[in-house]
Amino acid sequence: MRRITIKDLSKFLSLSTSTISRALLHDKNVNEETRKRVLDAAEKLGYKPNLTALNLKSGQSRTIGFVVPEMITPFSSTVLKGIQNILYPLGYRIIITQSDEDPLIERQNLQLLEEFNVDAIIINLCHETHNNDIYQSIMDKGIPLIFFDRIPHKSLDVSKVIIDDAIKASLMVEYLIKTGRKRIVHIMGPSTIRNAVERVNGYKRILMKYNIFDENLIIQTDGMTFEHGKKAVKQLLNKDIEFDSIFAFSDTLAMGAMNFLLEQKVRIPDEVAIASFSGTELSTMVYPQLTSVQQPLEKMGEEAAKLALEKIKNSIAPSQSILMDAELVYRAST
């Protein structure tokens, strides 16, 4: 069966193709009765609009780009759910790309989305400075760029949705201290991510406050998988560094560390307490369940989508910074 076209609708309704096109675009110059006739006929005949052609007429693609380091853990997918909550009812579609924590792949993804003529891009970057030039170039071309969680260098004026990483890290470490822990390891994320630097600064500040800071207890990783968490703990054990607790940059690092310790018959939390930052669903899927700084991920996505809509409406609107709260959730791992 051949595809129904606007010309078929025109013949069926005895209306011009231009009137039908405007009705399908909800043009305010088409009266409500005519618009309803067109929509009813389109449904009856099984008309499927050529979205590319309609978008060319409207000047918008009705698509939003979503660029994230990974879609394996629930972090990005939960943020995406929040974005969909706002954008789907408005008729937007979302193009999802994954950088695999590789700035070069992220760059290619951004260029691809630019070619698709997306109306805005919502991004969680994988390196603080590597792609600043393309971020600026995209914004200079009038495509709004909204950052969440990880943000670029402060030299870029961007809209963003963030958590106060340093403060929340400090509060979690202080909680561990108050439960009697004094040899607190920090498994740090890559230093090319601002969040990692802010969280380690929060960690240091509290330990220095209590005069128990030891540089040997900071283990820096070059990735954030379960395996990286496991390697971090192996490194501690191989160096015979004593520790009674771990605060990890992310759930995945914490879980990798915890699983390895359990394999070594280390009792958690009796011998080693473990806490993390992220608060994804993963923290409740392990035993013992993981104490974590729980970020409002779905709400973060909703706020990022709202910022994108504001920029689409007015591309020269001032950039905004939305600071969201996060909750410390105490579970069996501590």
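Predicted model: local features only at pLDDT ≥ 70, side-chain atom pairs only at ≥ 80, totals over all residues.

Visitor: In which sense do strands E3 and E4 run, parallel or antiparallel?

Guide: The strand that pairs with E4 is E3, which covers residues 120-123. Strand E3 is joined to E4 by 3 bridges, and the sense in which they run is parallel.

Visitor: Which residues of strand E4 point the opposite way from Leu-145 and Phe-147?

Guide: In a regular strand, side chains alternate between the two faces of the sheet. Strand E4 spans residues 145-148, and Leu-145 and Phe-147 point one way from it. All four residues are buried, and those pointing the other way are Ile-146 and Phe-148.

Visitor: Which residue of strand E8 is the bridge partner of His-186?

Guide: Strand E6, residues 184-188, is joined to E8 by 4 bridges, and these two strands run parallel. Within E8, Ser-245 and Phe-247 point one way while Ile-246 and Ala-248 point the other way, and all of them are buried. The residue of E8 that is the bridge partner of His-186 is Phe-247.

Visitor: Which residue of strand E9 does Phe-247 stand opposite?

Guide: Strand E8 also pairs with E9, in the parallel sense and over 3 bridges. Phe-247 is the bridge partner of His-186, and in E9 the residue that Phe-247 stands opposite is Ala-275.

Visitor: Is Ser-276 buried or exposed?

Guide: Ser-276 has its place in strand E9, which covers residues 273-278. Leaving aside neighbours within four places in sequence, Ser-276 is in contact with several residues, among them Met-172, Phe-247, Asp-251 and Leu-290. Because its relative accessibility is 0% and the cut-off for the buried class is under 20%, Ser-276 counts as buried.

Visitor: How many residues apart in sequence are the parts that the pair Lys-209 and Glu-174 ties together?

Guide: The side chains of Lys-209 and Glu-174 meet in a salt bridge, with 3.1 Å from N to O. Lys-209 lies in helix H9 (residues 194-209) and Glu-174 in helix H8 (residues 165-178), so the pair ties together parts of the chain whose separation in sequence is 35 residues.

Visitor: How many residues apart are Arg-35 and Glu-32 in helix H3?

Guide: Arg-35 and Glu-32 form a salt bridge in which the closest N and O atoms are 2.8 Å apart. Arg-35 is buried at 18% relative accessible area, while Glu-32 is exposed at 51%. Helix H3 covers residues 32-45, and the two residues are separated there by about one helical turn, because their spacing is 3 residues.

Visitor: How many salt bridges does a search of the whole structure find?

Guide: Another of these pairs is Arg-267 with Glu-271, whose closest N and O atoms are 3.2 Å apart. There is also a network of salt bridges that links Lys-299, Glu-302, Glu-303 and Lys-306. Over the whole structure, the number found is 16.

Visitor: What is omega for the cis peptide bond that joins Tyr-287 and Pro-288?

Guide: Most peptide bonds are trans. A cis peptide bond joins Ile-268 and Pro-269, with omega about 10°, and Pro-269 lies in the loop between helix H11 and E9. Pro-288 lies in the loop between E9 and strand E10, and for the cis bond that joins Tyr-287 to Pro-288, omega is about -5°.

Visitor: What is the positive phi of Asn-117?

Guide: Most residues other than glycine have a negative phi. Ser-14, in the loop between helix H1 and helix H2, has a positive phi of about 55° although it is not a glycine. Asn-117 lies in the loop between helix H6 and E3, and although Asn-117 is not a glycine, its phi is about 60°.

Note on methods
Residues numbered from 1 in each chain as written. Heavy atoms only, no water. Salt bridge = Lys/Arg side-chain N within 4 Å of Asp/Glu carboxyl O. Buried < 20%, exposed > 50% of the residue type's maximum accessible area, 1.4 Å probe, protein only. Pairing = 2+ DSSP bridges. Contact = heavy atoms within 4.5 Å.
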